[in-house]
Amino acid sequence: MKDMKTALLRGMLGLVALAVPLCIGLTERPASANTELVPAARLGVPYWDLRDGKTTFFLLTNASDFVDLQDTPFSIFGFQIPGPSVHVQFYDKTCAKQNRKVKLSPLDIDQLDLSVSPTSVSLPSKVGFADIDVRFSESLGGELSRAGVQLNVLMGTVIIVDPANDWVAAYPAASNLGSSAEGIGGPIVFRNSSGYPLDWNGRYEPFPDAVAIPGFFAEGKASTPYTIDSILAIAGLPDGNWDGSNYGEAPGQELLTPGSLTARTLISTHGHWYDGCENEFSYDIDTHYAIGNLESFMGTLVNRDKGPWHLADPASTCIGTAPLVDEVNGAYVGWAKMQNTMTSTSYCDTDLRGSGGTGGLTPSCGINRARGLVGTNLQTALNSANGNVSADITRLWGLPLTIEWQDECTDSEGNPLRPTGSDGNCHYNMSNGKGETVEFFEVTP
């Protein structure tokens, strides 16, 4: 196995040497917190739904014309890459898990119907999130078995269908770049048979720990002909070792409490919600996985039939910080922002990281990383005049609210430490100009 890893490293070094003359026009580009809408080695899906007759489709695309994701080795300019494929880890709202393997040839796109075999999902709550990443084949055995790999080639689209109410809504998966110390095609994380990380050889970029609902309509009907309803979904995915401490959580790993396997809080936010007149309302979300309508999180305030939701209105009836600047009369609009204060726990116990280990946890080992979030807000409008329902879905935006650079989280030897004056957690800065470089060599323009 050591020989295989050495050969792989030599191959990657050879690729770097060949990259300049053979890939004219391709450049290294900086990775930021949750770089959006680029092919990636990992995708985050905050919401799938099979409740009440709904179905969900995943469209997974291999954007590369030479990376083969069919569990068979392939060659890049004469260098062999062990056989990778795509691993899809489904979680339901209780964090019960189910996984599927997907094979994609170069330039391939596949549809996964979560209601139909062989890609059907049979988790008890019928709603949840998913973590998707490129991995080497388990048939390789040894350390490369189940290893995550730097092949930033995946694109994904999620389509939610409700036949009973005759609507469909789609959104893009959240892309998450992967970086291996051995370069393109190199392993990022080695896993044990239970999916926990054995050793890290790289990192994935972070999902943002601060997110925003950029805009929504207050629920209910009031005097309008449309009844608005919502499904807000927010997931806190494994951290992906984004700080490079080598104690990170691997994509798709168990998110229940190790040992007891009970649900633990992954999301704890103090949300700031704003109505159409700039009035602020604060509501907290503390949960394992956030799923529900806006009223379930904010209370009746956000229901126009029950609460005093202020309209965006340039007339004096708009009571807010700037009541005369709104340009739409009578719009029940709002937006929200929230930051996750829950951190991911450093997995330092040798039993947990050992072969097959699932118990034993030392939370004080290392430094806890800010746990990133991915989310969506689905809104439907029922027309009382004809019974028609329309729907739209918005991916939550990421906010660059954390300002500490990740290098401050480790000393010169890579040992985790707490930056002076920080809150004791490790955060990622999206605007410091020192972002890690990741080569987009896997996808040709």
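Biologist: What are the ground rules here?
Modeller: The model is predicted, so local features need pLDDT of at least 70, side-chain atom pairs count only at pLDDT 80 or more, and totals for chains, interfaces and linings use all residues. Residues are numbered from 1 along each chain as its sequence is written, and side-chain values use heavy atoms, with hydrogens and water left out.

Biologist: How many aromatic pairs are there by your rule?
Modeller: Seven. The rule takes rings of Phe, Tyr and Trp (its six-membered ring) with centres within 6.5 Å; planes under 30 degrees apart are stacked, over 60 edge-to-face, the rest tilted.

Biologist: How do Trp48 and Phe90 pair?
Modeller: Edge-to-face, at 6.2 Å centre to centre and 90° between the planes. Trp48 is in strand E2 (residues 42–49) and Phe90 in strand E6 (residues 84–92). They are 42 residues apart, so the pair links distant parts of the chain. Strands here are DSSP runs of E, at least two residues, numbered from the N terminus.

Biologist: Buried or exposed, that Trp48?
Modeller: Trp48 is buried, with a relative accessible area of 0%. Phe90 is buried too, also at 0%. Buried means under 20% relative accessible area, exposed over 50%, partly exposed in between (1.4 Å probe, protein chains only).

Biologist: Which residues are in the cluster linked by ring pairs?
Modeller: Trp48, Phe58 and Phe90.

Biologist: And what about Phe216 and Trp273?
Modeller: Phe216 and Trp273 form an edge-to-face pair, 6.0 Å centre to centre, with 65° between the planes. This pair also links distant parts of the chain: Phe216 in strand E18 (residues 210–217), Trp273 in strand E20 (residues 267–275), 57 residues apart. Phe216 is buried at 3%, and Trp273 is buried at 1%.

Biologist: Charges next. Where does the charged end of Arg42 sit?
Modeller: Over the ring of Tyr204, 5.8 Å from its centre. That needs NZ of Lys or CZ of Arg within 6 Å of the ring centre and within 35 degrees of the ring normal.

Biologist: New topic. What is the strand order in the four-strand open sheet?
Modeller: E8-E3-E11-E12, with antiparallel pairing. Two strands pair if DSSP finds at least two bridges between them.

Biologist: Which strands stand at the edges?
Modeller: E8 (109–113) and E12 (167–172). Each has a single partner strand, so one side of each is left without a neighbour in the sheet.

Biologist: How many bridges between E11 and E12?
Modeller: Six, in the antiparallel sense, with E11 covering residues 154–162. Asp162 has Trp167 in E12 as its bridge partner.
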